[in-house]
Protein chains: 2
Amino acid sequence: MYRTHTCGQLRLDNNNNTITLCGWVQRVRNLGAVTFIDLRDRYGITQIVIDQNSTDEVKQLAESLGREYVIQVEGVVTERSSKNPKMPTGDIEVLCKNITILNSAKLPPFTIEEESDGGDELRMKYRYLDLRRSPLQRNLMLRHKTAQLIRNYLSNIDFMEIETPVLIKSTPEGARDFVVPSRMNPTEFYALPQSPQQLKQLLMIAGYDRYFQIVKCFRDEDLRADRQPEFTQIDCEMAFVEQEDVLNVFEGLTKHLFAELKGVTIDTFPRMPYSEAISKYGSDKPDIRFGMTFTDITSIAQHKEFPVFNSAESVIAICAQGCSEYTRKQLDSLTEYVKRQQIGAKGLIYVKYATDGTLKSSVDKFYDQEDLLKWAEATEAKPGDLILILSGETEKTQMQMGALRLEMGHQMGLMDNKKFSPLWVVDFPLLEWNAETNRYHAMHHPFTSPKKEDMAMIETSPGKVRANAYDLVINGVEIGGGSVRIFNSELQAKMFALLGFTAEQAEDQFGFLMNAFKYGAPPHAGIAFGFDRLVSLFAGLDSIRDVIAFPKNNSGRDVMMDAPSQISAEQLKELCISLVKKI
Amino acid sequence: MYRTHTCGQLRLDNNNNTITLCGWVQRVRNLGAVTFIDLRDRYGITQIVIDQNSTDEVKQLAESLGREYVIQVEGVVTERSSKNPKMPTGDIEVLCKNITILNSAKLPPFTIEEESDGGDELRMKYRYLDLRRSPLQRNLMLRHKTAQLIRNYLSNIDFMEIETPVLIKSTPEGARDFVVPSRMNPTEFYALPQSPQQLKQLLMIAGYDRYFQIVKCFRDEDLRADRQPEFTQIDCEMAFVEQEDVLNVFEGLTKHLFAELKGVTIDTFPRMPYSEAISKYGSDKPDIRFGMTFTDITSIAQHKEFPVFNSAESVIAICAQGCSEYTRKQLDSLTEYVKRQQIGAKGLIYVKYATDGTLKSSVDKFYDQEDLLKWAEATEAKPGDLILILSGETEKTQMQMGALRLEMGHQMGLMDNKKFSPLWVVDFPLLEWNAETNRYHAMHHPFTSPKKEDMAMIETSPGKVRANAYDLVINGVEIGGGSVRIFNSELQAKMFALLGFTAEQAEDQFGFLMNAFKYGAPPHAGIAFGFDRLVSLFAGLDSIRDVIAFPKNNSGRDVMMDAPSQISAEQLKELCISLVKKI
C-alpha cells in the first residue's frame, strides 16, 4: 500500500501520528517561509506544510510540483493554528517529512475545480480529467449509492436480479435497433435490447415471480439533447399482481430513495388519470410542484362578437397569481413565447386584475368589466393576478397552455429544485392513431392490457379504450412507466392485429412469446424507471450527461475514445458485410 | 393482489386461516374420495385437498386441471394428519373452497421436475419452461445472492460501482470484437467491450480510487463447449496499491462468499509462482484439492540403456497412492488416455509397488529392483502405490503429466465437489512467444507491468521477464486474474513496441490511454473474476450454461428467440452496409 490514510480521513485524533498520504496536487501556495500543498484524492483534501524545518530536498521537490502531479507524502499530523471549519480535515495539517513524485502531469487543458473553465467539447475529450472534479465525483457516488439502495430494497422484498442477454433478436416495433452482425451465422444479426420487455415477461411465465435488473438498454434514435444511445433502466416485473400492487411497491421504493438520499419524507403519491392531466395541465407529465391549473372558459367566453374565441373549439385560461403588474414588454415576450414554432399558438389574450379591483384586458374592445369578472371568478383570480388565455382546437390549445404554464412557473420561481412532487399518471389510452402510417400504434407497448370495462369498445372505438398503464412523474419529468400485461395468447394476437401486424409478422417477431403464453402464463405487470434520469433528479441536474461516467455527444460519438471508428477490411470480410456509400 | 400467501409460506401457525394461493399445478392425484393438488410457485409447493366437503363445481374444476395450469385457490389451512417432514409446508394442507383457472397450459414438451426427461435442444428451445425447474431456480437465486453479497462487500470497503459504456472503440489486440455499425456515422463501427480494461484504468487516472462493476463482456470467438459470446465479469481496479493489496482485498471477498454461500471457512490462500505450478502440477491452474505433485526423476532414470528416457529432456513421475493393484486393462486405458491427440504423449511407463514390497514395472527389461526403489524413494511411494512416468520435451511432458494427474485424481475420487481449495498463482511471465505471428504477445494484456527486478532483461531476454500478474484458481478452475498496471506513458510505449505495434498503431488504438497517462496517472492494479464461472463453482456445476437465464448454444444462437436473424433491407440501407456471400 502506498499510503496509510486517505486525504479525507485525518482528524485531531490523529495528532502527532506519522502518516503517508497519496493524491493529486490541487494547489501549491508558496508564501516564502512556508509552502502549502493542497493534496486531493476522492475522499477529500488535506493540507501539507513545508516550512523551515523541512529538508532542502523536500523544499526543492515542493517547488518543482505542478498542478495534478501525483505524489506520495510522508509527514506528521499537527493541529492547525487557524482551523478551516469548511473542510472535514480542516482541524489538522501534515508537516511534510518526505515527498515522492509518483507521476508528473502535463498542465491540464482546463481547471480541475468545482466550476471548470473548460468548454463542453474539451471536457468531453478529456473526460478522465473532467471526472476528477468534485461535482462529477459526487454525481457518480450518488449514482452508485442509488443503485445500491435500489438493489437492497428490492432484494429484501423477494425480487431477484436476473441478467437478460444483450445479444437478442431484432424487432422493428418501437424505436430503431442497434444491430450486431454475426460472424458465425453470416447474413444474420443480433439486436441490442431497447428493453428486456419480452424476456422479463418470459421470466414471469418461468415462475420467477419478482424480477428486477439495473440494465443497459439501447436505442438508435436521432439524438435530441439529453438522449443517449445507451442508457440504464431499472427494469421490473411481478406476477400475480394488479396495477395497484405495482404502484404500491414502486411508490415504496421511491419514498425509500427520497428518505435515504435527500432526507425527504413524502406522503402518498397522488394518482391522476391521463385525461385529467391533459385537461388540467396540458401534459401527460404534469409538474405539480405548483397549481396554476387550466380553467375551461369556453362557455363564458363565446357570447360576444370576438371571432377568435367564437370559432375556437376551446378557450382555456390560467391564473398567474400576483402578476397583474406584468409590463407590456413582459406580455409581448410571453406572446412571442407561445407563438414560437415548437408551441404554435396564434396569439395570447391576457386580463390584468389590478390591485384596485379594476380589470384590464387585451380584448377590452369585445368584453366589458362584467364579462372579465366572470372569467376571474371562473379562474379564481384575485386582485393582483394575471389571467392568460389561449384558444383554438382543444388538444393543441391544451399542449400550448401546458407550455405556457411551465414558462410562467419558471418565471414565477415556482419550480423549486429542492421540492419533490411525485405523481402517478394512470389510465393512459391503449392506442394512439398515427396519421403517417395510417394505423394505430400502442401508446405504451403492444403487450399492455386494455381495461376490462373498456373491452366492449375495442372493435368499435379502439381509440377510446384505456390501458392498465401508468407513469411515475416527478417534478414534470417522466421517471418511469409500466403496465399490466396481456397474459393470454388470443388477446395478444388480437392486439397485434389491431396494430396492423399480419399473423405471419406477429408470429415471426413475437412467436416465442405468444407460444410461451400457451404453456401457463400467470397474470403479470411491470414497470421500468429511467435510472440516469432518476439520478439526475436526485442530483438536481437538468441533464443526464453528468451522471454518466463516459457519455456520448449528440452525434452518438465518444470523443475521448474516438468511437465509432473504421474497422479493418479483414473484420468486414469475416463478418460478410461491405460498406455502401450514403446516397 | 391475486394471493394472500405464497406456496412456500404456510405453517401450522396459519392453522384455520382462510387464505388464497396462486401457482402452477405440479401434480393432481385423484384417489377417488379425495383429490390432491400440488400447487407450485417459486417459493415452494403446498398441498391442496378436495374432498367430500368440496362443492361439485370445485370437484369438476379439479378434474379439468392439467399439468402447469395456472390457478388461484381459496381455502382453509388445516393440520395434516400425515405430515411430510421433507416439505417446509409439510405440516399443513389447504382445504379447497374455490378454484379459479387463471390460465390453461398445453402439455409441456418435457417434465418440469428436479430431473427433466427433455433433451438439451428441446429444453433450450423452451427455456422458459426449463427455467421453471427447481435446479434452475436455485441456480439463478444463487447467482442473485452472490451478486448482492459482492456488491455489498465491495461497497462497504469504499468501492464504487461505475457503469462503463457498451458501445466503445474496436481494438484488435485480444480476441475478436463484436461490432455495431453506426447509422449516424456511416462506415464507422462501435465495438462491444471484451472487458472495460482501458476505461477502468481511466477511472483510476480520474481519481475514483476503488472501482468495481458486475458487467457484461463480449468475445466473438469460435465457441468451445462452455464458452458464451456474452459473459459477466466482476471487474475491479484500485489506485495506490501493490500486488499484495489486491490479493488481500479479493481474498477477503472470496472468503466472505464461501462463508455466506457455502458455510465454509477457508484459511489464507496459498500463493504459488507460475514456475512452480508448471513444474509441480503441469498447469497454470493447478487443482490443489489433492497432492500427487510431480517428481523430476531425470537424473536417476537416465543411467541405464533405456533410449526413451535417455533421449528425453525430462522424465517426470507421479505417485498414485494405493493404486498398485491397477489391472492391465486400467493401465492400458491410462496409456490410451495420455496418447490421445489432445494430450499427445508417446507412451506411459508404470511401476507397481506391491504391498509385499516388490516392485514391478513396464520397463523391467532395463531397470532392476534397486533402480525402481530409487524412483519410489524420490516420489515418496510406499508399498501399495503406483508410480506413473512420462518423458520427453520438458514443457510438453509437464502438460501431459498435468492431464494424467487430473485423470488419476478423478479416478481416485480426490476431486471432491464439496471441498474448495483456492490458490493464487503469481509471477506469470510478461510475454509469450507466438510462433505464428513471429512476435511476443502479452500473456495477460499489454497494460501489465513487468517486475522491477526483471526489468534489466527486458531488451535482452524479454521472454524471461516476469509480470506483476496473478490468477485466482479454485479447484483447478481459473476464477479470475489481474495485474499491477503500467502507469507511465514511456514504459507503456516501450511495451507496445515490444509487442510489435508501430508508434502509429499504438497511437491509433491506445492513444487516449497513453495520453491520459501524461496527466497524472496514479499507480494502480486490478483484477477481474468470471462471474458465471464463480457461480457455477458455488452451484457445484461443471458448466456455466445453467447459471445463465438465457444462454446461447455452441453456434452462438439463442434457439428460443431464434437470434441472430435476418434484418430488413431497409435496416441495412440505413446502416449503409450490404451483405456479402461467404466465400
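Modeller: Let's start with the rule for strands: two of them count as paired if DSSP finds at least two bridges between them. Keep in mind that this is a predicted model. In chain B, that rule gives an open sheet of five strands, in the order β12-β13-β16-β14-β15, with antiparallel pairing.

Colleague: What makes β12 and β15 of chain B edge strands?

Modeller: Each of them pairs on one side only. β12 covers 295-296 and β15 covers 359-361.

Colleague: How do you know that β12(B) and β13 of chain B are joined?

Modeller: Count the bridges. There are two between β12(B) and β13(B), the latter being residues 314-320. The rule asks for at least two, so they pair. They run antiparallel, and B:Thr295 has B:Ala317 as its bridge partner in β13(B).

Colleague: What holds strands of a sheet together, in general?

Modeller: Backbone hydrogen bonds, with the strands either parallel or antiparallel.

Colleague: Why do you say that strand β23 of chain A and strand β23 of chain B pair?

Modeller: Same test, but across two chains. DSSP needs at least two bridges and these strands have three, so they pair, in the antiparallel sense. Both strands are residues 577-579 of their chains. A:Ser578 has B:Ser578 as its bridge partner.

Colleague: How many residues does the contact take from chain A and from chain B?

Modeller: It takes 124 from chain A and 124 from chain B. About 11,600 Å² is buried between them, and carbon and sulfur atoms give 58% of that. In chain A, the residues that lose the most area to chain B are A:Glu163, A:Phe240 and A:Tyr519, together 7% of what that side buries.

Colleague: Why is A:Arg3 with B:Asp209 called a salt bridge?

Modeller: Check the distance. The closest N and O atoms are 2.7 Å apart. The cut-off is 4 Å between a side-chain nitrogen of Lys or Arg and a carboxyl oxygen of Asp or Glu, so this pair qualifies. The count between chain A and chain B is 14 salt bridges, and there are also 76 residue pairs in polar contact.

Colleague: Which helix of chain A gives the largest share of the side that touches chain B?

Modeller: That's α4, residues 134-156, with 10 residues. The whole chain A side splits into 70 nonpolar, 24 polar and 30 charged residues.

Colleague: Where are the domains of chain A?

Modeller: The domain assignment gives domain 1 (12-103), domain 2 (137-272 + 421-548) and domain 3 (290-411). Taken over C-alpha atoms, the centres of domain 1 and domain 3 of chain A are 63 Å apart.

How values were computed:
Residues are numbered from 1 along each chain as its sequence is written. Chains are lettered from A and ligands numbered from 1 in the order in which they are written. This is a predicted model: local features need pLDDT of at least 70, side-chain atom pairs count only at pLDDT 80 or more; totals for chains, interfaces and linings use all residues. Side-chain values use heavy atoms; hydrogens and water are left out. Contact means heavy atoms within 4.5 Å. Buried area is the accessible area (1.4 Å probe) that two parts lose on being put together, summed over both. A polar contact is a pair of N or O atoms within 3.5 Å; within protein, one must be able to donate a hydrogen and the other to accept it, and residues adjacent in sequence count only if both atoms are side-chain atoms. Helices (H or I, at least four residues) and strands (E, at least two) are DSSP runs, numbered from the N terminus. Ala, Val, Leu, Ile, Met, Phe, Trp, Tyr, Cys and Pro count as nonpolar, Asp, Glu, Lys and Arg as charged, and the others, Gly among them, as polar. Domain bounds come from an automatic or database domain assignment.
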